[in-house]
Protein chains: 2
Amino acid sequence: MTVQIPVVEKITKANDEIASINRTQLDEAGVVALNFMASPGAGKTSLIERTVPRLAESMRVGVIGGDIATTLDAERATRAGATAVQITTGGACHLDAPMVRRALQQLPLDEIDLLVVENVGNLICPASFALGTHANVLVASVPEGDDKPYKHPRIYRGVDVLVVNKIDLLPYVDFDMERFRRGVRSLNEGLETFVLSCRTGEGVEPWIDWVRCRVPCVTATARDAS
Amino acid sequence: MTVQIPVVEKITKANDEIASINRTQLDEAGVVALNFMASPGAGKTSLIERTVPRLAESMRVGVIGGDIATTLDAERATRAGATAVQITTGGACHLDAPMVRRALQQLPLDEIDLLVVENVGNLICPASFALGTHANVLVASVPEGDDKPYKHPRIYRGVDVLVVNKIDLLPYVDFDMERFRRGVRSLNEGLETFVLSCRTGEGVEPWIDWVRCRVPCVTATARDAS
């Protein structure tokens, strides 16, 4: 058991190097990439389904879906209008940079403006593996409970954007939004937060605007000119 | 990266050996132990809160709570009437047998009939680590979605009992119980399943009866005689 720590360190370092190669490749292709992380069932795929059709007019969206098994999520992303590639991890509890590297090789990056990488549903392990994406988006959901920032501080600390999904369930569950927000603030002061329901569409507009603003106009212009 | 697999195998083997020591210790003390696994927020702690007070008349309950951070769950278990010990894993994404071994040393096993080990909220990694407990209980929840058996086959295959929690939310979410059950059946035919709501108490009775039947009468008799 004593060998565990050096091996983990070595893996993390190798991962970071490949993440950096991924980032360079994305930047050179003019692709903005978001890493969606969440508990199982919090609504990563539903958020993709809500987001992609709304962006279709102004940009082309790619999705890399990471899952233990099945290609269900990639099929949903494709139906929503994205160009999707599925990574079936076969048991691995997170995506890592080499997996994303292989998926990038299967995507027509020159035809994509925004790439969403949908990580494996897990609040723990994905937080430790950089992928080369430009921003980490955490999708939380109301029925998971207001204690999650307190219990999973690492992932809340490491994200750039928080989406709180399933607010349509607020009347039916015990979820103290103030307690939740207090926990988030203590870990990640000023974290950009969107409170919405993928099911009803409530609150989705500001999130769509945020995504739109992430993709530089230069990309759209370059595409229009081509 | 090539060293990863042998190291993982070595860790799993060492884990299994300690799990076996844990099992012997539990058996010698006449303690029946359940390993509760679930996504974050599916309701492991709520199930403990619903279960412990109902068992208090006939048996003494211990809880080992595993969490990344905070002792919130152990406090809730204690308030429910259990003797609780918290394992704060400090980042580890699952409990393993050595962690449970250390926790067992802090519990008065001679005074406990039923032990609930509340694993870290994660559908993936906990499935790979035996703890020495007598049965694996998976707590699923309705708002997570009906696709979870398909997406997390390993954990569904490896459990002895399934609790489907939060059925009070069925009218407010898109959850096809027949699709969910079909997925479960394809992985674990005949899996003992309890469909309930920890919030309203609906469906809790058959689950309580099941737990009660797991703890052999001999334990209660031995205690009564002492």
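Colleague: I have the structure open, and I would like to begin with chain A. In what order do the strands of its open sheet stand?

Modeller: Good place to start, and please keep in mind that this is a predicted model. In chain A, seven strands make up an open sheet, and their order is E3-E2-E4-E1-E5-E6-E7, with parallel pairing. Strand E3 (83-88) and strand E7 (192-195) of chain A each have a single partner strand, so they stand at the edges with one side left without a neighbour in the sheet. On average, neighbouring strands of this sheet are turned by 20 degrees against each other, direction ignored.

Colleague: How many bridges join strand E1 to strand E4 in chain A?

Modeller: Five bridges link strand E1 (residues 32-38) of chain A with strand E4 (residues 114-118) of chain A, and the two run parallel. For one pair to find on your screen, look at Ala33(A), whose bridge partner in E4(A) is Leu115(A).

Colleague: And which strands does helix H8 of chain A lie across?

Modeller: Helix H8 (residues 204-214) of chain A lies across E1, E4, strand E5 (135-141), strand E6 (161-165) and E7 of chain A. Its direction is at about 140 degrees to that of E7(A).

Colleague: Let me turn to chain B. Which are the edge strands there?

Modeller: First the sheet itself: chain B has seven strands in an open sheet, ordered E3-E2-E4-E1-E5-E6-E7, and the pairing is parallel. Its edge strands are strand E3 (83-88) and strand E7 (192-195) of chain B, each pairing on one side only. From one strand to the next, the twist averages 20 degrees. Further in, five bridges join strand E1 (residues 32-38) of chain B to strand E5 (residues 135-141) of chain B, and these run parallel. There, Asn35(B) stands opposite Asn136(B) in E5(B).

Colleague: What packs on this sheet?

Modeller: H3(B) does, touching strand E2 (61-67), E3 and strand E4 (114-118) of chain B, and its direction makes about 175 degrees with that of E3(B). Another helix to look for is H7 (residues 177-187) of chain B, which lies across E5, strand E6 (161-165) and E7 of chain B, at about 165 degrees to E6(B).

Colleague: Now the two chains together. How much area is buried between chain B and chain A?

Modeller: The general idea is that an interface's size is often given as the accessible area lost when the parts come together. Here about 3,200 Å² is buried between chain B and chain A, and carbon and sulfur atoms give 66% of that. Pro40(B), Lys151(B) and Tyr172(B) supply 19% of the area that chain B buries against chain A, more than any other three residues. The contact involves 40 residues from chain B and 40 residues from chain A.

Colleague: How many salt bridges cross this interface?

Modeller: Six salt bridges are found between chain B and chain A. In one pair, Arg199(A) and Asp174(B), the closest N and O atoms are 3.3 Å apart. There are also nine residue pairs in polar contact between the chains. Helix H1 (4-28), helix H3 (72-79) and helix H5 (148-151) of chain B each supply at least two residues of the side that touches chain A. H1(B) gives the most, with four residues. That side of chain B divides into 20 nonpolar, eight polar and 12 charged residues.

Colleague: And over all chains, how many salt bridges are there?

Modeller: The structure holds 26. One to look at is the salt bridge between the side chains of Asp73(B) and Lys151(A), at 2.7 Å from N to O. Asp73(B) lies in helix H3 of chain B and Lys151(A) in helix H5 (residues 148-151) of chain A, so this pair joins two chains.

Note on methods: Residues are numbered from 1 along each chain as its sequence is written. Chains are lettered from A and ligands numbered from 1 in the order in which they are written. This is a predicted model: local features need pLDDT of at least 70, side-chain atom pairs count only at pLDDT 80 or more; totals for chains, interfaces and linings use all residues. Side-chain values use heavy atoms; hydrogens and water are left out. Two strands pair if DSSP finds at least two bridges between them. Axes are lines fitted to C-alpha atoms, for helices over the stretch in contact, and angles run from 0 to 180 degrees between N-to-C directions. Contact means heavy atoms within 4.5 Å. Buried area is the accessible area (1.4 Å probe) that two parts lose on being put together, summed over both. A salt bridge is a side-chain nitrogen of Lys or Arg within 4 Å of a carboxyl oxygen of Asp or Glu. A polar contact is a pair of N or O atoms within 3.5 Å; within protein, one must be able to donate a hydrogen and the other to accept it, and residues adjacent in sequence count only if both atoms are side-chain atoms. Ala, Val, Leu, Ile, Met, Phe, Trp, Tyr, Cys and Pro count as nonpolar, Asp, Glu, Lys and Arg as charged, and the others, Gly among them, as polar.
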